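This report concerns the structure shown below. Please keep the sequence and the model in view while reading.

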Amino acid sequence: MGKLLEVNNLSISFTQYVQGLNRHDLKVISDLSLDIEESEIVAVLGSSGSGKSLLAHTILGILPYNAHVTGEVKYKGEVLDQDKKEKIRGKEICLIPQSVNFLDPLMKVSQQAVGECKDDDERKEKKLKQREVFAKYGLDESVDDLYPFELSGGMARKVLLSTALLNDPDLLIADEPTPGLDSKSVEETIQDIRKLKEQGKGVLLITHEIDVALKTADRIAIFYSGYVIEINKVENFLNSENLLHPYTKALVDALPRNGFKLTEGVQPLEEVSGCPYYENCPISSDKCANNKPELIEHNGAMIRCFNFNKAVSEDSVSEEVVDGVVSEAPVEDSVSEEVIEEPITEEIAEEVNDEEANDGA
Ligand SMILES: Nc1ncnc2c1ncn2[C@@H]1O[C@H](COP(=O)(O)OP(=O)(O)OP(=O)(O)O)[C@@H](O)[C@H]1O
Ligand code: SF4
Ligand SMILES: [Mg+2]
């Protein structure tokens, strides 16, 4: 199977002016590498402000004008410059945007979903498909003629989702597609994303919701402070012992039985001289203080840590480690022995195992 998308050594920074004319470079993504194969769903999981949407916007060429970017994005083996990104955007690569502000406020939603058509035949065909997809997400005919301001938040999300699926892209970038949706629509979304995979398409699924990532993805990439610190197969997230980075392990160990959530709030964005996780790391060594680990391959996973093969003992899982991992339960509860012993609900584990069995069938 070929690689659909490759992001190599991507870094993004913004110039800020502080106290008048003092320039300050704010680095938000550092040396990020990630790839997606045909028939693969890769989830990106990271707390708010860790650069997930910026990654999506880089691939599509819609970054804000003040962003400084280095690194490359390849699609089907070809480096994408801005012109190429504009040509394939909305066709071969589609985005389900995180913000409903991406909808054109002056256009009826069905017109936006159908988009540009070369002739009347294509318009008729796309209109029929649009109605079918809208209906599947519970949007009846009266919604077709509404303007975005007349939609509820959940309806607007469904319109964005339907619009992206209607274009039948080879690569779908879904930036937080599920918040605000009822549980039936969340399931529909997961099914539709998995259907794309069955058709040989690729999906980059950006989410805060680890249960959505676990049910949907083949691999999960963990963002921490603008770095990808680990990319691992979804089945390895069922048991933290199979994971490599101490932050990823702590994340999985701290999951409450219900309501899996990553931290809200912004992770440290100031550039540090050593490993970005040094301050909180239970297995750090002197080397980590002033040297940056590279993202390297290990047994089919990618890991950014000098000491990943050192086990984290339960004693060393302190409150400090789970700082930055906010669950709905209080922090102390989230590292109770009970949770450490049983980090993922049986329900999710069964669903992941069923899906693996189906995939292998
Ligand atoms: N135009 C801009 N100028 C300066 N900083 C920006 C700009 N756009 C984004 N940022 C900063 O870049 C960081 C990453 O933003 P991004 O929107 O990618 O985060 P995210 O991981 O998608 O967060 P969330 O989960 O809340 O959607 C944030 O700290 C944000 O403030
Ligand atoms: S490189 Fe060092 S500080 Fe960073 S996560 Fe690994 S052990 Fe911890
Ligand atoms: Mg975002």
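This is a predicted model: local features need pLDDT of at least 70, side-chain atom pairs count only at pLDDT 80 or more; totals for chains, interfaces and linings use all residues.

Strand S1 (residues 3-18) and strand S4 (residues 67-75) are paired in the antiparallel sense, with eight bridges between them. Within this pairing, Val7 faces Val73 of S4. Both strands belong to an open sheet of four strands, in the order S2-S1-S4-S5, whose pairing is antiparallel. At the edges lie strand S2 (22-37) and strand S5 (78-79), each of which pairs on one side only.

The mean pLDDT of the protein is 81, and 81% of its residues reach 70 or more. Over residues 257-266, however, the pLDDT is below 50, although the model gives this stretch 26 contacts beyond near neighbours in sequence. Residues 312-346 also stay under 50 in pLDDT, and here the model has 64 contacts beyond four places in sequence.

The surroundings of the ligands may now be considered. Around ligand 1 there are 15 residues, of which Phe14, Ser48, Lys52, Ser53 and Leu54 come nearest. Helix H1 (residues 52-60) gives the most to this shell, namely three residues. The residues around ligand 2 include Pro246, Tyr277, Tyr278, Ile283, Phe306 and Asn307. Among the others in the shell of ligand 2 are Cys275, Cys281, Cys288 and Cys305.

The table sets out the classes of residue in each shell.

| Shell | Nonpolar | Polar | Charged |
|---|---|---|---|
| Ligand 1 | six residues | eight residues | one residue |
| Ligand 2 | ten residues | two residues | no residues |

Definitions and conventions:
Residues are numbered from 1 along each chain as its sequence is written. Chains are lettered from A and ligands numbered from 1 in the order in which they are written. A residue is near a molecule or strand if its C-beta atom, placed from the backbone, lies within 6 Å of it. Helices (H or I, at least four residues) and strands (E, at least two) are DSSP runs, numbered from the N terminus. Ala, Val, Leu, Ile, Met, Phe, Trp, Tyr, Cys and Pro count as nonpolar, Asp, Glu, Lys and Arg as charged, and the others, Gly among them, as polar. pLDDT is the predictor's confidence in each residue, from 0 to 100. Two residues are in contact if their C-beta atoms, placed from the backbone, lie within 7 Å. Two strands pair if DSSP finds at least two bridges between them.
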